[in-house]
Amino acid sequence: MNVGTNGIVVDQQGNVLLIKRNDTRTFAPPGGALDAGELPPDGAAREVLEETGLIVLPVRLAMLTYLPLPPFGFLNFTFRCLLRGGESSPSDESPVVGFFKTRPLPRRMFSFYRERLEKGLVHAEERPLFFQHHVSKFNVVARFLLKNVIYRWLDIKRKLQGKPPYQPPPSWEVATYLLCANNTGKYLWHRPNDHSPWQLPGGTASGLQAPWETAVQLAQQQTGITLQPRQLSDVILGPGDNQLSLIFVADNGPQSSPSSP
């Protein structure tokens, strides 16, 4: 799975920091892929600095989103950030950098970036939102052109300029577990077999399904109980550099019969 970050930065006039991407020539909040072994807030601060020259402090996770674009999908952490310093400057990836009015946002912007900004700018709760973006046919075609045409052309340009070839971002293994307590404060656990340790319901995401949706399906198979994720509780890096675990507080939904062995 691809894992990335975005930073939402607002100035004193209420304008939002945006870049114009070099590859698509569309506007977006600064952000990019998470490096191996990097925590999401550190990745957001690094990406904002690299793409805009500005130093920011991520202060609150506003949302966790999933974009089911093939082949592996994109999980994204969007942070509200405070501006701490630096000087606004463009980069190779972002030839245009600046603060823009939020109403309206620039027209040339992918729908998922627009959705993140529109929801992130008004989000004021401590607990982050989590949701899946809709993927349009335009998104699929744009992704295909980026991967097979634009990125190849940019690699040729880098080679002619004597620069190293573009390195694709690392692929991540993302596991999601559900934390559900009953009325007496006891938590739901399961054991795959008599010799296994007790585990929280859930597991590793696969395919193009949002990680929390995979966790719901696995939990139903493991316990016979339908759980509903309610709130992101923890994000854990490791044990490997390319492994993330998401822990969601969940409610106990309608119970069904355990599946047959």
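Student: How far apart are the end C-alpha atoms of helix α1 (residues 40-52)?
Tutor: In this predicted model, the end C-alpha atoms of helix α1 are 18 Å apart. Helices here are DSSP runs of H or I with at least four residues, numbered from the N terminus.

Student: And what span should its 13 residues have?
Tutor: At 1.5 Å a residue, helix α1 should span 18 Å, so the distance between its ends agrees. The expected span is 1.5 Å times one less than the number of residues.

Student: Which residues of α1 are buried?
Tutor: The buried residues of α1 are P40, G43, A44, A45, R46, E47, V48, E51 and T52. Buried means under 20% relative accessible area, with a 1.4 Å probe and protein chains only.

Student: What follows α1?
Tutor: G53 follows α1, and the phi of G53 is positive, near 80 degrees.

Student: New topic: how many disulfides are there?
Tutor: A search of the whole structure finds 0 disulfides, a disulfide being a pair of cysteine sulfur atoms within 2.5 Å.

Student: Is C81 buried or exposed?
Tutor: C81 has a relative accessible area of 7%, so C81 is buried.

Student: What about C180, buried or exposed?
Tutor: C180 counts as buried because its relative accessibility is 6%.

Student: What should I know about the numbering and the model?
Tutor: Residues are numbered from 1 along each chain as its sequence is written, and side-chain values use heavy atoms, with hydrogens and water left out. The model is predicted: local features need pLDDT of at least 70, side-chain atom pairs count only at pLDDT 80 or more, and totals for chains, interfaces and linings use all residues.

Definitions and conventions
Buried < 20%, exposed > 50% of the residue type's maximum accessible area, 1.4 Å probe, protein only. Helix = DSSP H or I, 4+ residues; strand = E, 2+ residues; numbered from the N terminus.
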